[in-house]
Amino acid sequence: MNFIRGVIGGQPSGAQPSGVETIQKLCDRVASSTLLEDRRDAVRALKSLSKKYRMEVGTQAMDHLIRILQTDRSDSEILGYALDTLYNIICNDEEEDQDESEDTAAPVSAKSKNVAAPEDTQKRQDDVGAQFTERFIQEPENITLLLSLLEEFDFHVRWPGVKLLTALLKCQCTQLQGIILVSPMGVSRLMDLLADSREVIRNDGLLLLQQLTKGNAAIQKIVAFENAFERLLDIISEEGSSDGGIVVEDCLLLLVTLLKNNSSNQNFFKEGSYIQRMKPWFEVGDDNSGWSAQKVTNLHLMLQLVRVLVSPVNSPGATSSCQKTMFQCGLLQQLCTILMATGVPADILTETINTVSEVIRGSQVNQDYFASVNAPSNPPRPAIVVLLMSMVNERQPFVLRCAVLYCFQCFLYKNQKGQSEIVATLLPSTIDANSISAGQLLCGGLFSADSLSNWCAAVALGHALQDNLTQKEQLLRVQLATSLGKPPVSLLQQCTNILSQGDKLSRRGSRVQTRVGLLVLLCTWMSNCPIAVTHFLHNQDNVPFLTAQISENLGEDERLVQGLCALLLGICIYYNDNSLENYTKEKLKQLIEKRIGKENFVEKLGFITKHELYSRAAQKPQPTFSTPEHMLFDHEFTKLVKELEGIITKAVHKSSEEEKKEEEVKKTLEQHDSIVTQYKELIREQDTQLNELKEQVASLTSQNEQMQTTLTQQLSQIQQHKDQYSLLKLKLGKDSAVSGQAEGAQENGLQLEELTLLRDELEELRRQHAQLQTQLAEKDTLIASLKANGERSGEGSEVETAELLKEVEALRVQVRSQGAEISTFQSERQELQRRADSAQAAAAVSVVDAGAVSKVAELESRLSAQTADTHRLQEELRSLSDSRASLEKELASATSTAAILQAEKSKLQQEVSESKKEQDDLLMLLADQDQKILNLKQRLKDLGETIEDEDDLDARDQSEEDDEEEEEEEEEDE
């Protein structure tokens, strides 16, 4: 082809057009060509030039490429070329930059190559990408267009689209997040990438979602409610959990981003029972040797995910709920198993200790369980003891010792039971000489030759006393045997002895660290504990030592020690109960004024909060330090300093008169408080009594209403009985005068029926009368109790009780009259019974005949009605049988149709799976073929042959074809 072009008269190879000119011609061709093939070839040529001429292609071709995405949606090949070109323009890939530098490098010396600074080049490339990204997203429709292209299933369109959107997010994340957030179904389209069967698209979709969800809580919530947790956990399980590859790492990073500092997503994660699905991640076997780097990374991220759910910065309610769930599902137990396992890498063990710390922090149930965990040793030892052995062992890694200290702090956080157990191991009555206890380890670390062990043990022991006055007083009983032949000394005295001899004792590490740790322990111990202050002041050497330390002009390293000494002396003033005459509040303040000066004392006290490490420790509970020398402050101690600094400053500046006035005011306020408390209790009791009386009155009122209703019903029934009785008397009088013997016998039969009814009604009246008597007895009891309570409840309840008594008396009168009427009815009934018995014998025959005739007629009518109902039911049964048969036929036909459709469906599914398998095999073959070609090219290059890339050949052919067309046009013109 090149030979023919040379014969026709093409330009010699040395006069090839420049890259800028070629790009300009290609852009013109993309804009003006009407044939799809021409535009496709031009875009492909631009793609090959976009790496080398990134700025030129981006400047001239971006608008044309966007127009291609809008107009040529039907051709997936040109769409893929356009998306790849845009990706090359915007993305700054380090590998591609290296290739570019190798291709375009001029033959310069090695010295000149080293002149270019990599950092400047990287910054310049990032700026170019940011400029093109900003230009691309100026029109939000471009992002909407790109999101719509992601719906295309074609691999050559979807994959470049995912990469391009990821590159855009890396350059302009915030602006792009806002556009995607307002785009209809924007996030949902991106979530569909996780369901793609092609792993390369799914994996790049994970990277895209990582960039999309950074720092945007709204998008994080949308992604979470698009079932992201379910999909990500499924991918992690499919990939092998902690044994999986980089895909598991990407999924865990995305989960951490979705949950961190997002209370809504954390609550959704917990309520969706996803915490329970995390338990299998931490199942490790007995053989833990040979952990791969990827497994370590995966397990580290899994532990971070657990910590995100129970982080101290979360709301207390959400953290407590997650802690409870983790204990119930066995996740905490699994973490403790890893904690006590052998062969676990050091960084995983450290992160596991930190994770267990936050799972048990502030949760009494979890703390109790952790206290019961034993290490698999012989004999078994508590896990707390094993961890403390690591903390006071200076051979252990620094980060591991920090993690153990954090675990111990979290175990004692709001855990008075645990605090008492730790302090109890130091008391003489509970010390076991045959075993090592937590208290012994803390004392050993407190007085060891390692300064870091001193600080850690002091801070740990201070947490055993935090906000617990009882344990502060109990710790005063601890006695230490310093050496043979000498009497034991108290723990408080030993701490002050070491503090005063700090410069004379040899220490490995920072001496300041040891002194700071002891001062932190003493301040925590003596705050809000007057008895401990008295014990401290009882030693005559302590106060002179503190004043000497504060008044001296020491170096920068000792300023913190001076501030802590000032804090300790201020605690001795504020919590002093004036039990020692030589060291009362007033005398200590006079001593400060004479030896130190009040202003100087306050200035030295301020050294604590001005220290650079103070603010760092106050940020979060976990002790995170870069070096052991930086371990000077504890998080809980910073809160104590913040609380006491202002109080101590005021206490030092106050005069004795002001203090006396304040004490008087305090006593007065305490008296007022006690009086107010008594009145509150009295009012509370009276309110309870009033509520009880109101309930009783309400129940009596309802019962009274029920009795009134019952009485009204009974009166109406009595009136009806009176009317019936009057009618019967009239009938009996007339029938005895006019009727003959047969009629008299018939009337006597009617009288028998009516007498039976009257007998039943009288029995009912008797039963109701008995119930009324029982209710009256209950009311009498209630009235008596109300009378007893009414004497205390006031005039209102007496009036109500009197009214109730009146109503009850009225009810009694009515019941008595009712009883009289019932007795009258009984006497009249007996008279009628006697008269009826005399006439019963004569009228028996006629009554029987008349009754038989009426019964036969009634039976015949019932029989005819039942026969008609039977015929009607038979007709309905016949019609239902016909309809059932027709429905069974329809069901059989539908079943056969469903079976045929199911067979066709399975056949189609099998064909689809086979076609997918064939496509995957073809892709594998193509990849192998490309690799072979690259290997052959590399071998040719190694042999000295010049090999050009396919994209460069296409671009050159394209430019030569353009030159040939121009020459032909010139010949035709001539």
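**A walk through the predicted model**

Let's start with the rings: Phe-225, Phe-229, Phe-268, Phe-269 and Tyr-274 come together as one aromatic cluster. Keep in mind that this is a predicted model. Across the structure, the count comes to 11 aromatic pairs. One of them is Phe-269 with Tyr-274, a tilted pair with ring centres 5.4 Å apart and 40 degrees between the planes. Both Phe-269 and Tyr-274 are buried.

Next, have a look at helix H10, residues 155-171. At 1.5 Å a residue, its 17 residues should span 24 Å, and the end C-alpha atoms are 25 Å apart, so the two agree. How much of H10 is buried? It's 12 of the 17 residues, so the helix is largely enclosed by the rest of the structure. Among the buried ones are Val-157, Arg-158, Pro-160, Gly-161 and Lys-163.

Now for the charged pairs. Side chains of opposite charge can pair when their charged atoms come close, and a search of the whole structure turns up 22 salt bridges. Take Asp-38 and Arg-29, whose side chains meet at 3.6 Å, N to O. Asp-38 is partly exposed because its relative accessible area is 23%, whereas Arg-29, at 15%, counts as buried.

Helix H3 (residues 36-49) holds both Asp-41 and Arg-44, 3 residues apart, or about one turn of the helix. An α-helix has 3.6 residues a turn, so residues three or four places apart point the same way. The side chains of Asp-41 and Arg-44 do meet in a salt bridge, at 3.0 Å from N to O. Asp-41 is partly exposed at 23% relative accessible area, and Arg-44 is partly exposed at 26%.

Where does Lys-47 find its partner? Its side chain meets that of Asp-84 in a salt bridge of 3.6 Å, N to O. This pair links distant parts of the chain, with Lys-47 in H3 and Asp-84 in helix H5 (residues 76-90), 37 residues apart. Asp-84 is buried at 16% relative accessible area, while Lys-47 is partly exposed at 24%. There's also a salt-bridge network linking Arg-40, Asp-75 and Glu-77.

Ile-675, Tyr-679, Leu-682 and Ile-683 make a nonpolar patch of about 390 Å². Ile-675 belongs to helix H38 (residues 656-738) and, at 40% relative accessibility, counts as partly exposed.

Conventions. Residues numbered from 1 in each chain as written. Predicted model: local features only at pLDDT ≥ 70, side-chain atom pairs only at ≥ 80, totals over all residues. Heavy atoms only, no water. Patch = residues over 30% accessible without salt bridge, like charges linked within 9 Å, V, L, I, M, F, W, Y side chains within 5 Å. Areas by Shrake-Rupley, 256 points an atom, 1.4 Å probe, with all protein chains shown as cover. Salt bridge = Lys/Arg side-chain N within 4 Å of Asp/Glu carboxyl O. Helix = DSSP H or I, 4+ residues; strand = E, 2+ residues; numbered from the N terminus. Buried < 20%, exposed > 50% of the residue type's maximum accessible area, 1.4 Å probe, protein only. Phe/Tyr/Trp six-rings, centres within 6.5 Å; stacked < 30°, edge-to-face > 60°. Expected span 1.5 Å × (residues − 1).
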